[in-house]
Amino acid sequence: MSDLLYSEAEDDLRAAVRSLLADRADPAAVLARAEAAWEADRRAAGGGRDRGADGHAGGAGPYDPALWAVLAREMGLAGLLVPEKLGGAGASHREAAVVLEELGRAVTPAPYLTGAVIAVEALLGCGAERDEVAALLTGIAAGRRTAVLALPWPTGPWRGGAARERAAATVRARPGGSAAAGRLTGAVSSVADAPAADVFLVPADDGLHAVEAAAGAVEPVTPLDLTRPLGRLVLDAAPAVRLAGAEVATAAVERALLAGAGLLAAEQLGLAEWCLATTVAYLKERRQFARPVGGFQAVKHRLARLWLQQVSARAAARAAADALARGAGDAAVTAAVAQAYCGDAAVRAAEEALQLHGGIGMTWEYPVHVYLKRAMSDRIALGTPGHHRTALAALADLPA
Amino acid sequence: MAEQTAPQADDGAAVETAEAAELTRRTREFLAAHPPAATERLDFLRARFAAGLAWVHYPEGLGGLGAPRALQAVVDAELEAAGAPALDTGRTGIGLGMAAPTILQHGTPEQRRRFLPPLWTGEEVWCQLFSEPGAGSDLAGLATRAVRDGDAWVVDGQKVWTSGAHHARWAILLARTDPDVPKHRGMTYFVCDMTDPGVDVRPLRQITGEAEFNEVHLAGVRVPDAQRVGAVGDGWRVAQTTLMNERVAIGGSRRLPREGGMIGVVARTWRERPELRTPDLHQRLLALWVEAEAARLAGERPRQQLAAGHPGPEGSAMKLAFASLAQRASALETELLGEEGLTYDDWTARRPETVDFLGRGAGYRYLRAKGNSIEGGTSEILLNIVAERVLGLPAEPRADKDAAWKDLPR
């Protein structure tokens with residue numbers, strides 16, 4: 001049976017991340033920074049300004065580099081899943097899930113799910129004993145490098161082969177001088193956190209490659225969720241280092257997407273919890289008809305049902321993190337359940353938060369919309385709830 | 001029920017402590033002195049109670065050893081492995097789950113000594129005389145009167161939804177002793193003798209066709225003052241102990257495996273009957289399966305929290321989730337069955353001893369599950385409780401809190 005609780009060490013980790021984010025990344029600051037980044041991208045694109053030799057357009061995304069330095073380097077959180085011998089923490093998905101809960105609660109723009117979970121899992125799937133893989137993992141753990149898996153969102157697990165084939169249709173490898181080095185040409189749309197990457201892990205027709213971000217171009221996309229930017233990665237004979245052949249790459253990408261989907265549930269839980277807590281606090285204060293609005297039974301029942309849904313979401317997310325950490329045989333089922341459940345739970349919490357805030361919930365100034373946009377994007381990101389339920393038809397023997 | 005739960009090696013609950021080792025030793029010693037194969041069931045249960053191995057968290061002399069509740073699993077595992085007789089929790093559930101904790105907490109030493117041993121062994125069955133036709137969710141509005149007469153109370157009124165009343169020896173009874181004060185302050189809690197000639201038990205037939213419950217009419221029933229539990233006028237507070245324990249019992253205290261609930265019935269039908277499948281039903285089944293699995297895990301967390309010594313409010317919520325799931329799963333099953341879903345297994349007015357969800361047809365499951373969101377606190381009341389006690393939202397304004405009960409409009 002899985003351990004669905006949080007250990008004392010995990011509680012301490014949560015407290016540390018939460019207090020850091022409370023100090024450094026309140027929702028108003030997050031929104032201001034995200035909007036400024038989008039404006040910069042738009043000016044750069046619209047003004048026809050040079051994109052520079054490195055191909056980057058506009059700003060550097062909505063991230064706070066100083067905050068990321070603390071999270072990734074000083075607190076060592078980017079290396080939670082990296083083995084200790086490569087400078088990582090050798091921790092597990094349970095701890096990474098706690099970090100993601102807090103990043104979700106603060107809707108922090110940070111390449112954590114993409115860079116510290118999905119990319120790390122993909123690299124581990126390529127074999128950490130390989131020098132070029134080990135070098136990247138060491139760099140990630142040290143907070144020096146940020147890798148992003150170049151697959152379009154939405155791509156969910158349980159179609160690893162399909163995902164690779166889809167990418168292969170757009171990215172082709174041309175062998176270089178050595179067995180490991182080649183050049184890639186093609187484009188990948190909707191790469192999440194592309195502006196944060198200094199190296200892309202690119203699935204191509206012959207396997208998984210590492211491409212320095214400077215060797216490609218990232219075209220910004222105006223995202224629904226400004227806090228997690230998307231970019232179109234364009235490669236034109238970009239120098240690449242092959243990390244794994246086709247077969248290993250398929251399994252590595254599948255592993256990365258599975259962990260990503262399972263742990264995205266933790267982020268969704270954090271988002272949902274913020275929405276409920278903020279709405280409850282607001283409705284205890286807000287008065288209409290000479291009473292706190294939170295005292296009306298029609299409103300109370302909606303909030304109570306939201307709480308109930310979060311009780312299940314917390315259990316499902318915790319079970320997924322625990323199953324991934326243990327490498328449990330039913331990790332795939334548990335992750336599918338978590339993503340199918342928590343995706344909806346986060347969206348519903350944000351939608352209810354907006355409605356129950358009334359007019360102020362529709363304003364740009366009030367942060368509910370930032371959560372709504374993240375929640376809606378998250379529900380699509382690594383497979384919709386329907387995608388995961390369909391996967392369960394096979395995983396749980398409930399065939400069509 | 002704790003009686004049936006074996007400790008899991010990896011659940012962190014039944015940790016190897018000195019106390020657990022001591023309990024294992026005591027249980028083995030007891031089993032050596034009372035080999036289950038060579039001991040009459042009742043003799044065995046009486047001896048187990050006397051040895052303090054009935055419910056180890058109860059005090060010594062009352063079936064327990066004052067040990068942590070979680071350690072009952074250690075005892076149960078030993079007993080089960082030795083083939084010891086199990087309790088008939090279907091018949092004695094109300095006694096074990098509701099009457100016993102209330103008598104333990106609020107009863108006199110004499111009441112505990114008199115009532116707890118035969119309650120636990122099942123020699124005396126208990127029922128609960130709380131709800132009335134005019135007092136459902138608003139239990140505190142109840143109208144059954146108890147009037148003092150010398151060293152006894154004379155009780156008149158009508159109770160309803162009383163399961164097991166037709167074979168109960170005793171009842172826990174909540175009655176109004178002072179109509180002149182606000183309703184919550186005018187009630188007193190009693191133990192009522194169900195063999196009193198003034199007690200009339202009538203079956204109450206429900207939508208499933210059977211009569212699982214009863215109406216109980218009380219006419220001039222004499223209850224000795226010695227059977228009063230708690231102070232006169234303190235019945236509401238005493239009843240809270242009973243009600244808290246009822247929700248724990250109904251909320252599903254058993255550990256469920258995956259597909260352990262009603263969803264498992266639907267899933268099995270789905271697997272065995274491919275001819276019934278449609279794309280629409282498939283989508284709905286998968287959605288419900290996900291929800292059932294999430295709720296199952298959510299039911300497991302409070303158990304782990306309790307075992308770790310950090311109980312949270314989540315357990316109180318599980319009844320809501322399980323009621324809704326049972327209703328939707330049984331509705332889906334009925335629809336899935338198509339032509340067969342148009343039929344019903346048996347409308348006979350039977351008197352079942354326990355609720356047998358799995359032994360009956362889909363139509364029965366669908367109909368009986370409707371009661372899940374009503375019995376033991378309606379879902380609407382439970383949502384209020386979550387909103388007020390967990391989320392800290394204000395209560396609705398009320399007109400019935402300070403006025404005397406007799407002056408309330410009804």
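**Exercise 1. Find how much area chain A and chain B bury between them, and which residues of chain A lose the most.**

Step 1. Chain A and chain B bury about 3900 Å² between them, where buried area is the accessible area (1.4 Å probe) that two parts lose on being put together, summed over both. Carbon and sulfur atoms carry 69% of it.

Step 2. On the chain A side, A:Met1, A:Trp307 and A:Leu398 lose the most area to chain B, together 20% of what that side buries.

Step 3. Now look at the residues in contact (heavy atoms within 4.5 Å): chain A supplies 43 and chain B supplies 44.

A word on the model before going on: it is predicted, so local features need pLDDT of at least 70 and side-chain atom pairs count only at pLDDT 80 or more, while totals for chains, interfaces and linings use all residues. Residues are numbered from 1 along each chain as its sequence is written, chains are lettered from A and ligands numbered from 1 in the order in which they are written, and side-chain values use heavy atoms, with hydrogens and water left out.

**Exercise 2. Find how many salt bridges cross the interface of chain A and chain B, then look at one pair inside chain A.**

Step 1. Apply the rule: a side-chain nitrogen of Lys or Arg within 4 Å of a carboxyl oxygen of Asp or Glu. Over all chains, the search finds 66 salt bridges.

Step 2. Across the interface, the rule finds 4. A:Lys300 forms a salt bridge with B:Glu388, and their closest N and O atoms are 2.5 Å apart.

Step 3. Within chain A, take A:Glu10 and A:Arg94, whose closest N and O atoms are 2.9 Å apart in a salt bridge. This pair links distant parts of the chain, 84 residues apart: A:Glu10 sits in helix α1 (residues 8-24) and A:Arg94 in helix α4 (residues 93-105) of chain A. Helices (H or I, at least four residues) and strands (E, at least two) are DSSP runs, numbered from the N terminus.

**Exercise 3. Describe how α9(A) packs against α10(A) and against α8(B).**

Step 1. Set up the geometry: axes are lines fitted to C-alpha atoms, for helices over the stretch in contact, and angles run from 0 to 180 degrees between N-to-C directions. Angles under 35 degrees count as roughly parallel, over 145 as roughly antiparallel, 65 to 115 as roughly perpendicular and the rest as oblique.

Step 2. The axes of α9 (residues 297-326) and α10 (residues 331-357) of chain A come within 8 Å and cross at roughly 150 degrees. Therefore α9(A) is roughly antiparallel to α10(A).

Step 3. Sort the residues of this contact by class: 18 are nonpolar (Ala, Val, Leu, Ile, Met, Phe, Trp, Tyr, Cys and Pro), 5 charged (Asp, Glu, Lys and Arg) and 5 polar (the others, Gly among them).

Step 4. Turn to chain B: α9(A) and helix α8 (residues 279-307) of chain B pack at about 90 degrees, with axes 8 Å apart. The two helices are therefore roughly perpendicular to each other.

Step 5. Residues of α9(A), including A:Val311 and A:Arg314, meet residues of α8(B), including B:Leu297 and B:Arg301. The classes here are 8 nonpolar, 1 polar and 2 charged.

**Exercise 4. Locate a cis peptide bond and two residues with positive phi.**

Step 1. Start from the background: most residues other than glycine have a negative phi, and most peptide bonds are trans.

Step 2. A cis peptide bond joins A:Trp153 and A:Pro154, with omega about 5 degrees. A:Pro154 lies in the loop between β1 (147-149) and α7 (160-170) of chain A.

Step 3. A:Ala237 has a positive phi, near 50 degrees, and is placed in strand β7 (residues 230-244) of chain A.

Step 4. For B:Glu259, phi is near 65 degrees, again positive. B:Glu259 is in the loop between α6 (235-250) and α7 (262-272) of chain B.
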